[in-house]
Amino acid sequence: MNRLGHKSVVYQGEVFLGELDTVPVRNANFQFPNNEIRIHHLSPISERCPPLSVLQTISSSPVRCKLESFLPTEQPHLINLHASCFYEMKTAVVLIGDEELHLVAMPSKEKRFPCFWCYSVPRGLYDSCLRMLNLRCLSIVFDLDETLIVANTMKSFEDRIEMLRSWISQEIDSAKVASMTAEMKRYVDDRALLKQYAENDYVTENGKVFNTQPEEVPPLSDNHERVFRPVIRLQDRNIVLTRINPEVRDTSVLVRLRPAWEDLREYLVAKGRKRFEVYVCTMAEKDYAHEMWRLLDPEANLICRNQLLNRVVCVRSGFRKSLLNVFRDGICHPKMAMVIDDRLKVWEDKDQPRVHVVPPFIPYCAPQAETANVVPVLCVARNVACNVRGGFFKEFDDNLLRRISELFFEDEAINLPQAPDVSNFLIPEDAGFVPNGNGGAPLAEGMRGSEVERRLSQTSLAGALPSISGAAVSRVVPSSQKSSLLGFPGRRDGGSAEADFESRRRLGMKPSQDSRNGRGLLGLPQESAIAKTFVGHARQTHDVPSILPLPGEGVSQNQVPSYSRDLGTEASKANSLPSLSVGVLHEIGRRCSSKVEFRSLVSTGKDLGFSVEVLFTGEKIGVGRGKTKKDAQQQAAENALRSLADLHMRQ
C-alpha cells in the first residue's frame with residue numbers, strides 16, 4: 001500500500017484524539033483542510049445495513065482516501081472510536097461546506113487499528129437513506145394531471161364541448177361522428193353536474209341528493225389560515241367536486257380520480273408500514289397541486305401534513321422535471337427513486353430511465369380504456385413498483401452486502417461492487433402499449449399548466465382569489481410531445497399548417513430547403529439510397545413488397561427493437577411483412593439518428609379493434625388499424641413509409 005500521504009490531527013469537538021495518516025487511493029488525491037480531521041458527530045446506529053453499503057449506494061464518488069495510524073505507539077482514543085463505529089455500525093462525520101465526510105471503520109487483514117475509509121456525500125443524505133435502507137423503503141414520485149387525475153372548470157368544459165361540436169359539423173365519417181357525439185355527451189353530463197354543485201352546493205345522482213361536506217385544508221405553515229372547502233365525493237364514480245377558493249363559486253372544479261388509485265395507495269402504506277416514501281412533482285401551480293393531492297390522500301397517509309411543502313414540488317415554466325430538484329434537501333438519492341408519469345420527456349434525460357410511463361388518463365375520450373385490460377393501469381403501476389422494490393433489495397442483499405462483508409481495509413477501493421439502481425429494475429414498456437409521450441388522445445381532457453390560472457381567473461370574482469392568482473405554470477414539453485389545449489380548429493388530429501411546419505422542421509426540412517441545395521427529407525441527399533428505399537417501398541402494393549436491405553447494411557433482427565420482434569412466433573411465421581415494414585422504418589431512423597416509436601391508441605368506436613400510430617422524431621407520421629395488434633402495426637408501418645415518401649417527393 002502506498003504510504004506517501006499527509007498526517008492529520010483528529011478532534012472530536014474540541015477533544016484531541018490523536019493523529020491519522022491520509023493514504024491516497026487510486027484516481028483520488030484528497031487532503032483534509034489544514035490537515036485537521038474535526039469530527040462533528042457520529043451517524044445514527046444502523047439496524048441492519050453496514051455503513052459501507054449505504055455509502056456505496058448513495059455516494060457519487062468512490063472512496064476519497066484511507067486513514068490509518070503509522071505511529072509506533074497506540075492511540076487509545078482513536079482505537080475506541082474505531083471499535084465503537086465498527087461494532088455499532090455507525091460513522092464519524094466531518095462537515096466541510098455542504099458535504100459530509102464519513103469515516104467508515106474497516107476490518108484489517110494485518111490487524112492494524114485504527115483504520116478508516118473516507119466517503120463524501122451531501123449533507124443529510126446519509127441519515128435519510130440509512131433509514132430507508134434499514135426499513136427496505138424506496139421513493140416514488142407521482143405526476144398529477146392525466147396521470148392520477150383529470151380536472152375541469154365550467155369554462156374548460158364549455159370550450160371542449162364547443163370544439164367537439166365544430167369537429168362533428170365537419171366530419172363525414174358516421175362512425176367518427178358517433179364517437180365524438182358520445183364523447184361530447186360525457187362532457188355535457190359532467191358540466192351539468194359541476195353547474196349544479198357550483199350553484200346549489202349539492203348534486204343529484206340517480207335520484208339521491210349529495211350535499212357538500214366541509215373538509216379542512218390543513219395549514220401548510222404557521223402563516224397559512226385554516227380553510228374549509230365544500231367537497232362532494234361520488235365514490236362509485238371516482239368523482240370529486242371541490243372549490244379552490246371556498247368563497248368564489250366560479251372556482252368550482254370537477255375532478256375525476258383514476259380508477260384503482262386506492263389499490264395503489266394501500267400498497268404503498270400497507271399495514272402502516274411504508275414501502276415507499278411518496279413525493280409529487282407537477283408543472284401545476286402550488287395551490288392547485290396541493291388541493292389535488294389532498295383529494296387523493298385525504299388522510300395524509302402517504303405524505304404527512306408537515307412534509308407537504310417539501311414533498312409536493314412544482315416545476316416552473318421552461319424547466320424540466322428533475323429528481324435532484326425533488327430531493328433538493330438531500331432526503332433521497334435518485335438511485336433509490338422511481339417515477340410514475342404519463343410523459344417521459346418532461347424529465348431530465350438522466351432521470352428518464354427511472355420513469356414508469358403510464359398511458360394518459362382520458363376518461364372523456366375513452367372511458368373504457370381503464371377497464372379494457374384485465375389489470376387496471378394503476379394496478380400495473382403497483383405491480384411495477386413491487387417488482388422494482390423487490391429487485392432492488394434482492395440485489396442489495398445478495399450482491400452488495402455479501403461482497404462488502406468480504407472487504408478489508410487493505411483491499412483496493414476501486415474493486416467495490418456496483419450498488420443497485422432503480423433504473424436497472426424498470427423494464428421499458430412495450431411501445432405498443434404504453435405511450436412514451438403524447439398518449440394519442442385527440443384532446444387534452446383536463447386543465448394543465450397555465451390553463452388553471454386562465455380558467456380560474458376568467459371569472460367576475462377573480463379579484464377575490466389572491467391565493468390562486470398566480471396559478472399553475474405551463475407544462476413545458478417539446479412540441480412533438482403534446483398538442484395545444486384544444487388542438488387546432490378544423491382538424492381532429494390536432495394538426496394544422498403550423499403543426500405541419502413544425503413537423504417538417506423536426507424532420508430536418510427548412511422552408512428554404514429545395515432542389516437547389518440538393519438536400520431534402522431528413523437532411524439527406526434527395527437521391528440517397530435510403531430515400532430510394534422507402535420511396536420504392538411506398539409504391540408497392542400491400543401484397544408484394546419489394547423491400548431489400550441495402551448492400552452490406554441489411555436490417556438484422558438485432559437492429560429491430562424488441563417490441564417489433566415480439567409480435568409472436570406464430571404471427572411471424574404467418575406473415576413476414578410487418579418485420580419488413582417495421583425494419584425499414586427503424587433502418588431509416590437509425591441512419592438519420594432519429595427515434596421511431598410505435599404506440600397503441602384506444603379505440604372509442606363500437607369496434608374495439610387495435611389502433612397503432614408511428615412517431616418519427618416525436619412526430620406522428622402514420623396510423624394503422626386492425627383486428628389484431630399485428631395487423632394494426634403492419635398498416636401503421638406501411639402508412640408511415642408512404643407519408644415519408646410523400647414528404648420526400650414534395651421537396
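Analyst: Strands here are DSSP runs of E with at least two residues, helices are runs of H or I with at least four residues, and both are numbered from the N terminus. Two strands pair if DSSP finds at least two bridges between them. Before we go on, this is a predicted model, where local features need pLDDT of at least 70, side-chain atom pairs count only at pLDDT 80 or more, and totals for chains, interfaces and linings use all residues. Residues are numbered from 1 along each chain as its sequence is written, and side-chain values use heavy atoms, leaving out hydrogens and water.

User: Which residue of β6 is the bridge partner of L95?

Analyst: That's E100. As background, strands of a sheet pair through backbone hydrogen bonds, either parallel or antiparallel.

User: What closed barrel do the strands make?

Analyst: A barrel of 7 strands, in the order β1-β2-β4-β7-β6-β5-β3, with mixed pairing. From one strand to the next, the twist averages 40°. Axes are lines fitted to C-alpha atoms, for helices over the stretch in contact, and angles run from 0 to 180 degrees between N-to-C directions.

User: Which strands does helix α1 touch?

Analyst: Helix α1 (residues 51-58) packs on the sheet and touches β6 and β7 (115-122). The direction of α1 makes about 40° with that of β7. Contact means heavy atoms within 4.5 Å.

User: Where is S43, and is S43 buried or exposed?

Analyst: S43 is in the loop between β3 (36-42) and α1. S43 is buried, with a relative accessible area of 4%. The scale goes like this: buried is under 20% relative accessible area, exposed is over 50%, and partly exposed is in between (1.4 Å probe, protein chains only).

User: What is S43 in contact with?

Analyst: Leaving aside neighbours within four places in sequence, S43 is in contact with K90, T91, V93, Y126 and D127. The side chain of S43 also reaches the backbone nitrogen of T91 at 2.8 Å.

User: New topic: how many aromatic pairs are there?

Analyst: The count comes to 13 aromatic pairs. Rings of Phe, Tyr and Trp (its six-membered ring) pair if their centres lie within 6.5 Å; planes under 30 degrees apart count as stacked, over 60 as edge-to-face and the rest as tilted.

User: Why is the pair of Y279 and F327 edge-to-face?

Analyst: The planes of the two rings are at 80°, with the centres 5.0 Å apart, so the pair of Y279 and F327 is edge-to-face. Y279 lies in strand β16 (residues 276-282) and F327 in the loop between α9 (323-326) and β18 (337-341), so this pair ties together parts that are 48 residues apart in sequence. Both Y279 and F327 are buried.

User: What about F392 and F393, how do their planes sit?

Analyst: F392 and F393 form an edge-to-face pair too, 5.1 Å centre to centre and with 75° between the planes. Both F392 and F393 are buried. Elsewhere, ring pairs link F142, W261 and W293 into a cluster.

User: Which ring does the charged end of R243 sit over?

Analyst: The ring of Y197, 4.7 Å from its centre. The charged end of K66 sits over the ring of F409, 5.5 Å from that ring's centre. The rule is that NZ of Lys or CZ of Arg is within 6 Å of the ring centre and within 35 degrees of the ring normal.

User: Back to strands: which face of β10 is covered?

Analyst: In β10 (residues 202-205), the covered face has V203 and E205, while Y202 and T204 are on the uncovered one. β10 runs antiparallel to β11 (residues 208-211), and 4 bridges join the two strands. V203 stands opposite F210 in β11.

User: And where does N206 lie, and what is its phi?

Analyst: N206 lies in the loop between β10 and β11. Phi is positive, about 55°, although N206 is not a glycine. N206 counts as exposed, at 78% relative accessibility.

User: What is phi of N238 near?

Analyst: Near 55°, again a positive value in a residue other than glycine. N238 is found in the loop between β13 (227-234) and β14 (239-243), and counts as partly exposed at 29% relative accessibility.

User: Last one: which residues does the cis peptide bond join?

Analyst: F113 and P114, with omega about 0°. P114 is in the loop between β6 and β7. For context, most residues other than glycine have a negative phi, and most peptide bonds are trans.

Methods
Polar contact = N/O pair within 3.5 Å; in protein donor to acceptor, adjacent residues only side chain to side chain.
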